[in-house]
Amino acid sequence: MSAAAVQSSAPSPTPSDAPAAPEPGSAQEAPPAPEPVTGDQVAIAGDSVSLASAAPLGEILPGAVIDAEVSRSMYAGLATVQALDAQVGARPYVVVAMATNGTVDTAQLQEILDYLGPDRRLVLVTGFGPERATWIPPANQTVRDFAAANPDRVAVAGWDEAIGGHPEMLAEDLIHPSGEGGAVYADIVYQALQSLVR
């Protein structure tokens with residue numbers, strides 16, 4: 001006997017037995033989950049810490065474009081983002097990681113956000129370094145305050161918090177990540193990007 005000929009002996013459900021269709025706007029009608037951010041949507045402007053993490057960033061965000069340079073500070077932030085736009089077009093998600101090599105001013109961050117416009121999203125990566133790098137904690141505070149003031153458009157990737165208790169994942173200078181530290185860096189950048197999906 002073919003499968004098509006087999007019939008269930010169970011009675012057909014009557015209209016009263018059938019599950020009720022959810023009413024429009026009810027809790028059962030969940031909106032579709034937003035698509036995750038992919039690498040081809042991301043441009044990364046960074047310093048030597050980003051440069052040291054380029055391989056794991058490329059693994060977790062394949063297709064992301066990375067412009068990272070030794071000793072780069074936030075003073076180069078806007079120009080680097082503009083150069084990336086000229087190179088690959090205006091990608092919807094931009095990562096700026098320049099809190100390691102100098103102070104960060106709110107006006108610099110605002111300039112970048114104004115340039116990006118209302119439809120693009122920004123991830124700011126905090127810095128981490130030894131105690132002698134006294135400018136890093138206030139730079140990180142500026143980054144966090146700015147993100148808190150612009151929660152719909154800006155997220156923080158807290159490199160300082162992620163790596164602070166794990167000096168074994170850093171080089172001897174306590175600034176640049178080892179291979180394992182680079183994977184941590186890439187993961188916190190990835191998570192911050194996903195937090196901006198609406």
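This is a predicted model: local features need pLDDT of at least 70, side-chain atom pairs count only at pLDDT 80 or more; totals for chains, interfaces and linings use all residues.
A residue counts as exposed when its relative accessible area is over 50%, as buried when that area is under 20%, and as partly exposed in between.

Most residues other than glycine have a negative phi. Ser71 sits in the loop that runs between strand 2 (65-68) and helix 3 (77-88). Because its relative accessibility is 54%, Ser71 counts as exposed.

Leu174 is likewise not a glycine, and its phi is positive at about 60°. Its place is in the loop between helix 6 (159-163) and helix 7. Leu174 has 33% relative accessibility, so it is classed as partly exposed.

| Residue | Phi | Relative accessibility |
|---|---|---|
| Leu174 | about 60° | Leu174: 33%, partly exposed |

**Helix 7**

Past the loop of Leu174 comes helix 7, which covers residues 179-195. How far apart should its ends lie? At 1.5 Å a residue, the 17 residues of helix 7 should span 24 Å, and the end C-alpha atoms are 25 Å apart, so the two values agree. Several residues of helix 7 are buried, among them Gly181, Tyr185, Ile188, Val189 and Ala192. An α-helix has 3.6 residues a turn, so residues three or four places apart point the same way.

**A cavity and its lining**

The structure holds one cavity of 30 Å³ or more, and the largest cavity has a volume of about 30 Å³. Lining it are Asp47, Val49, Ala97, Met98, Ala99, Thr100, Val125, Thr126, Trp159 and Tyr185. By class, this lining divides into seven nonpolar residues, two polar and one charged.

Where does Thr126 lie in the chain? Thr126 is found in the loop between strand 4 (121-125) and helix 5 (136-149). Is Thr126 buried or exposed? Its relative accessible area is 3%, so Thr126 is buried. The side chain of Thr126 makes a polar contact with the side chain of Asp160, at 2.6 Å. Leaving aside neighbours within four places in sequence, Thr126 is in contact with residues including Ala99, Asn140, Val143, Arg144 and Trp159. Ala99 and Trp159, like Thr126, also line the largest cavity.

Methods. Residues are numbered from 1 along each chain as its sequence is written. Side-chain values use heavy atoms; hydrogens and water are left out. On a 1 Å grid over the protein atoms alone, a cavity is a set of points where a 1.4 Å probe fits but cannot get out, and a pocket is an open set with protein on both sides within 12 Å along at least five of seven lines; lining residues have an atom within 4 Å of a point. Grid points are joined across faces, edges and corners, and a volume is the space filled by probe spheres set on the points. Ala, Val, Leu, Ile, Met, Phe, Trp, Tyr, Cys and Pro count as nonpolar, Asp, Glu, Lys and Arg as charged, and the others, Gly among them, as polar. Helices (H or I, at least four residues) and strands (E, at least two) are DSSP runs, numbered from the N terminus. The expected span of a helix is 1.5 Å times one less than its number of residues. Buried means under 20% relative accessible area, exposed over 50%, partly exposed in between (1.4 Å probe, protein chains only). A polar contact is a pair of N or O atoms within 3.5 Å; within protein, one must be able to donate a hydrogen and the other to accept it, and residues adjacent in sequence count only if both atoms are side-chain atoms. Contact means heavy atoms within 4.5 Å.
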